[in-house]
Amino acid sequence: SGVRFTSGYVSGPYCSPSRAGLLTGRYQNRFGFEFIPFHPPAGLPVSERTVGDHLKAAGYHTGLVGKWHVGLGPECHPLKRGFDEFYGFLDGAHSYFEATDIQRDGQPVQRMDYTTDAFGREASAFIERHRQKPWFLYLAFNAVHTPMHATPDRLAKFAHIKDERRRTYAAMLQAMDEAIGRVHQTLADTGQKEKTLVCFISDNGGPVMAETTVNASCNAPLRGSKRTTLEGGIRVPFVISWPGHLKSGVCEMPVIQLDLTATALAVGGAKVGPKTKLEGVNLIPFLQRKASGQPHESLYWRFGKQMAIRKGNFKLVRYDTNVETQTGKFNQPISPARLYDLTADIGETNDLAATMPEKLRELQADWDAWNAGNIPPQWPSAHEKNDGYIAPAPTNSKSE
């Protein structure tokens, strides 16, 4: 029913930073949310308004079901960050069978069958309950994140998969598919299908590198993993569906999850002033062919000492070499600057840095200019042991 983007990205190769970008519509590096906030007061700064804040001000009833993971302190709680209702958990990972730390509007939930099923039910109930008024729902499944938990009936459906971990992964994905199907059926049953904009993404690429939350993902034909700035860490499933308004099909324009925020705010009629400094772009005019060109000239990433920029079909990247060595050790070296033509080399295997030095310098200069608008990470990375980050270059310096 929707438009599938073959070059859909998230602004961080890790779950928590990319969620901070989604919620604000801004590169999370602008406000120091570069790494996972493990302990309060680390979390989404109170200076940043969320998509929930904006849509609530526009008259929408707002809800969050599932995983939060942008701060554990009281000032970061969803009910204080633009959401009228919350059912889910605050941290980054959770058992699929236990109710511990699952809450409804701040109160503990006593029973849990399977989180994916529960989140699908809660989302459907929210849609049913608020069918007579404008609503916004952020549905954040923890599937298919570790721990690898699946229900026996779904595991039985994939008995033909010999690898036990991959079989569990498939069963977990089946549960999420069923929950999403239930949500779509509720939209149809309540007469809201053609007036509801639905967006679907992942928060990062599959974790296939040692020292990540390996879960039997496969990123082929992309190289890299969650926690790297290679395509396998940042290019994700990316779909927008709005029956009656958008024709189904495939779109090759590079887009980023920040655009989903801007699109939702535009469709919802939210009044967002220049002080918000949104960096996403409303995609609807491009998809309806009312706007020409591309939504973005370039897309950018900074994750500690890793970095990337995609400009047109070219990508400049420095990445964690543990994806190649698979040592499982922290603080592995970062690769030198490498240049790839993604149209001809989606797997990032043919480095053009030596043969196209001018293109390398051009992209580095563009990235430096973008990075000048970032601030240092506001808390250290547990994975990189505070290994530092790429500081903005002085304005009078020359790019390498």
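These legends describe close-up views of a predicted model. Local features need pLDDT of at least 70, side-chain atom pairs count only at pLDDT 80 or more, and totals for chains, interfaces and linings use all residues. Residues are numbered from 1 along each chain as its sequence is written, and side-chain values use heavy atoms, with hydrogens and water left out.

**View 1. Helix 1 packs against helix 7.**
Helix 1 covers residues 15–24 and helix 7 covers residues 257–267. Helices (H or I, at least four residues) and strands (E, at least two) are DSSP runs, numbered from the N terminus. The two axes come within 7 Å and cross at roughly 25°. Axes are lines fitted to C-alpha atoms, for helices over the stretch in contact, and angles run from 0 to 180 degrees between N-to-C directions. Helix 1 and helix 7 are therefore roughly parallel to each other (angles under 35 degrees count as roughly parallel, over 145 as roughly antiparallel, 65 to 115 as roughly perpendicular and the rest as oblique). Helix 1 supplies Ser18, Gly21, Leu22, Leu23 and Thr24 to the contact, and helix 7 supplies Gln257, Leu258, Leu260 and Thr261. Contact means heavy atoms within 4.5 Å.

**View 2**
Two strands pair if DSSP finds at least two bridges between them. Six bridges link strand 12 to strand 13 (residues 306–311) in the antiparallel sense. Tyr300 has Ile309 of strand 13 as its bridge partner.

**View 2. Strand 3 pairs with strand 7 and with strand 4.**
Strand 3 (residues 61–67) is mostly covered, with seven of its seven residues buried. Buried means under 20% relative accessible area, exposed over 50%, and partly exposed in between (1.4 Å probe, protein chains only). Strand 3 runs parallel to strand 7 (residues 135–140), joined by six bridges. There, His61 has Trp135 as its bridge partner. Strand 4 (residues 85–89) also pairs with strand 3 in the parallel sense, over five bridges. Here Leu64 is partnered by Phe86.

Strand 1 (residues 2–5) pairs with strand 10 in the parallel sense over three bridges. Arg4 stands opposite Val250 in strand 10.

**View 3. His54 sits in helix 2.**
Helix 2 spans residues 51–57. His54 counts as buried because its relative accessibility is 3%. Neighbours within four places in sequence aside, His54 is in contact with Arg49, Leu265, Ala270, Val272 and Thr276.

**View 4. Asp163 lies in the loop between helix 4 and helix 5.**
Helix 4 is 152–157 and helix 5 is 164–189. Asp163 counts as partly exposed, at 45% relative accessibility. Asp163 and Ala353 are 190 residues apart in sequence and 39 Å apart in space, C-alpha to C-alpha.
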